[in-house]
Amino acid sequence: MASVQVVLDTNVLVAGLRSRRGAAYKVLSLLGGSRFTVNLSVPLVLEYEDVLLRPEVGIPLSSGEIGDVLDYLCAVGRHHEIFFLWRPYLPDPGDDMVLELAVKAGCDTVVTYNQRDFAGCGRLGVQALTPGEFLRRIGEQS
């Protein structure tokens, strides 16, 4: 079976790094395996870094450990350059960046806790699934 291609919204990384419980942590624990491939762009990785390093986000890791997580993500992910912008498509420009990457990478799924923010992305062939829904889709959770 071919690996499912996905983009992880920043809120999934935050949730998965804040707690070792829950679906977001399970998604992160599967990174680098054969169940799915995460797709990345430079702007998205920079957003990940910006948000994860904010003290108010409450991630119980040092900046060095967060850097290690991002390095690993970059090592196992597929990298893409984005040459087209059709913004605004979604209400939040940050979400547009995620959707553009998903379309460019040929992904059918954005894993996010903010499904409402991705309303209408189905017209572009992309579905927004919560981490729990995504895990059920790939057979990792009942």
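Thr37 touches Ser3, Val4, Gln5, Val6 and Arg78, leaving out residues up to four places away in sequence; contact here means heavy atoms within 4.5 Å. This is a predicted model, where local features need pLDDT of at least 70 and side-chain atom pairs count only at pLDDT 80 or more, while totals for chains, interfaces and linings use all residues. Residues are numbered from 1 along each chain as its sequence is written, and side-chain values use heavy atoms, with hydrogens and water left out.

Thr37 lies in strand β2. Helices (H or I, at least four residues) and strands (E, at least two) are DSSP runs, numbered from the N terminus. With a relative accessible area of 15%, Thr37 is buried. Buried means under 20% relative accessible area, exposed over 50%, and partly exposed in between, with a 1.4 Å probe and protein chains only.

Next, helix α1. How many of the nine residues of α1 are buried? Seven are, so α1 is largely enclosed by the rest of the structure. The buried ones are Thr10, Asn11, Val12, Leu13, Val14, Gly16 and Leu17. They pack against β1 (4-8), α2 (23-29), α3, α4, β4 (109-111) and α6 (131-137).

Take α3 from that list. It covers residues 42-52, and Leu44, Val45, Tyr48, Val51 and Leu52 are buried in it. Seen down the axis of α3, these buried residues fall within an arc of 130°, so they line one face of the helix. The arc is that of the directions from the helix axis to the C-beta atoms.

The axes of α1 and α3 come within 10 Å and cross at roughly 40°. That makes α1 oblique to α3. Axes are lines fitted to C-alpha atoms, for helices over the stretch in contact, and angles run from 0 to 180 degrees between N-to-C directions. Under 35 degrees counts as roughly parallel, over 145 as roughly antiparallel, 65 to 115 as roughly perpendicular, and the rest as oblique. At this crossing, Thr10, Leu13, Val14 and Leu17 of α1 meet Leu44, Glu47, Tyr48, Val51 and Leu52 of α3.

Last, α4. Its buried residues are Ile66, Leu70 and Leu73. Viewed down the axis of α4, they fall within an arc of 55°, so they too line one face of the helix. What covers them includes α1 (10-18), β2 (36-40) and α3. On the face turned away from the buried side, α4 carries the exposed residues Asp68, Asp71 and Ala75.
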